[in-house]
Amino acid sequence: MLKINHLCTSFFTYRGIVKAVDGISLELKEGEVLGLVGESGCGKSVTLLSILGLVPYPGKTTDGEVWFKGENLLEKSSNEMRHYRGNRISMIFQDPMTTLNPVFHVGEQIRESLKVHKHGRISKRKEKEKVFQLIKDVGLPSPEQIYYQYPYQLSGGMQQRILIAIALSCKPNLILADEPTTALDVTIQAQILDLLRKINKDIGTGIILVTHDLGVVAEFCQKVAVMYAGKIVETGLVDQIVYEPRHPYTEGLLKSIPKIGNKKNKIHSIPGDVPDLATLPKGCAFYPRCSQHMPECQKNEIPLQKIEKGRQVRCLLFKKL
Amino acid sequence: MFEPDIAKKDSSQNIKYSKSKIWWGKVNHFIKELIRCRTAFLGAIIVLFFILVAILAPFIAPHDPLKASIINRLRPPYWMDRGSIDYLLGADEIGRDILSRIIYGTRISIMVGLITVGISGFIGTLLGSFAGYYRGRFDAILSRFADFLLSFPYLIFAIFLMSIVGPGFFNLIVVLCFKSWVNFFRLSRGEMISEKTKEYVEAAQVLGESDIKIIFKEILPNIIHSIIVLATLRVGYFIILEASLSFLGLGIQPPTPAWGSMINAGRDYMLSSWWVSTIPGIALLILVLSINLFGEGLRDILDPRLKLE
């Protein structure tokens, strides 16, 4: 359904060109859930915005293709793109509090999203009934009451459900979820993930889930892509990545998850900092922080290579195995 | 379906909501807040009173504001020697009733204030919203032009323009609007820039809404309260400016009763017959003060962030 080929998005800043997304290729089949994992600032969110053609100034998508249902989205005009946004591809944001417009009733905001992409005339009453149904679908009680609430009157979990209702309103084929559970506490997080899973199963909506929580990924996704400094360093099925990570970065990420009952040892952390995207070193971007680096790592650009079925790694180590 | 996470509220409280009820609730809330803020309430009442006077002028004015009578020349107000109940606030240098002239002058003052604010507020907000949303060259040019206009003192600028286009009601409005849109432009532009970075705007873009819709239906409702407050305060300012121009003979021309020209007419009799210019001055003071009090109160109600402890 969605196939991204060598997508490049750069920000043209005064300090130089920052390649936030550097040659990413992804594939998502109908009804699949893909996890996009990585540290803050590695280009996960920019990838999502590039798919929608909404990269903020001074950024620009410079290269690549985004095939969605057989059409290249990057070649669409902005008017044609508006037809895709919210209608065929919709997005859920990290912080529901700020994503809802503070001065309108939440019901009106859901209705607004129906109105944007409606075909022909639908009566207001029918629209409202549809909104009530959507509010029910995302698991909120008494929709007549919720309809006339302002965002600040709802809890974080309820707000996120409203956002999901907005995203679902036009029955999209693809939902881009940008850290949908980061701003919520753990129990609500589980409920929201359940809701997303149910939507995925019932309607068959594909989901790209951006997160830095590998626990969520293991729980929820079928495929994973790990990003580092604008590049994919490892992709594969969830079990492959979680149980036998190949790239030292993935390994580091997995080790950094705190384990219950582990009182003695400190939580593992990857030494060093996220590299400055404007001045990346030659060769492997992870080289300065890697525990197993070799002299060859710095010489050339390291290619993403297939090592098993459906599995790719951008590292020289796997050759040794 | 899974369990909702917020089934806290008991169902007995399940009131049917309707839109009109909510609107009425808002109005009710606004009036309550206004009464609580006493000075603003007083201001609102006085402004309302002046507006009523302006509308009902022909019915409540005791005399024709243009009719001169030599016998009543410089007749003092009722409570002084030689005062008469017929000329409650006295008469001016050619015997016209001051009370009637003030009543008719209210029309000019309020009309100039409201029309100017209406036109300049509309233009300024429109341009400011676009400039703030799109930025770029359009914004740069308009902002520099706005800075250019702001660098002139308002009154001197108005005197300059009025002396070019000549006096008159229509010209007066045009001249006042020529500069006053800048305040609305700068306010709405600044608010638009800060609002635009918020996530709900991005969410609206992701939904596929058009730019026009995002500007006017998503962002503008979030910033309209500060524009309303500015508009209210500007009404008072324009009333003073109109009076100043009329005082200088550049605004509304005699014999049309306008407060500014009435103050000017009484200038020569200041020592002998003080009421001719003082009474219109007091009317001006009361109206503008009330508008400002109301505006300040409105700001407190509409934008609780600015409320001082």
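Ile228(B) lies in helix H9 of chain B, helices being DSSP runs of H or I with at least four residues, numbered from the N terminus. The model is predicted: local features require pLDDT of at least 70 and side-chain atom pairs pLDDT 80 or more, while totals for chains, interfaces and linings use all residues. Residues are numbered from 1 along each chain as its sequence is written, and chains are lettered from A and ligands numbered from 1 in the order in which they are written.

Beyond four places in sequence, Ile228(B) touches Leu298(B) and Leu302(B), contact meaning C-beta atoms within 7 Å. The C-alpha atoms of Ile228(B) and Leu298(B) are 8.6 Å apart, across 70 residues of sequence.

The contact between the chains draws on both, as tabulated.

| Chain | Residues in the contact |
|---|---|
| Chain A | 33 residues |
| Chain B | 23 residues |

On the side of chain B that touches chain A, helices H8 (199-206) and H9 (211-247) of chain B each give two or more residues. H8(B) gives the most, with five residues. This side of chain B divides into 12 nonpolar, five polar and six charged residues; Ala, Val, Leu, Ile, Met, Phe, Trp, Tyr, Cys and Pro count as nonpolar, Asp, Glu, Lys and Arg as charged, and the others, Gly among them, as polar.

The largest nonpolar core has 153 residues, of which Leu209(A) and Val226(A) touch the most other members. Such a core is a set of buried Ala, Val, Leu, Ile, Met, Phe, Trp, Tyr and Cys residues joined through C-beta atoms within 7 Å. H9(B) supplies the largest share of this core, 14 residues.

Note on methods. Contact = placed C-beta atoms within 7 Å. Buried ≥ 20, exposed ≤ 12 C-beta atoms within 10 Å, placed from the backbone.
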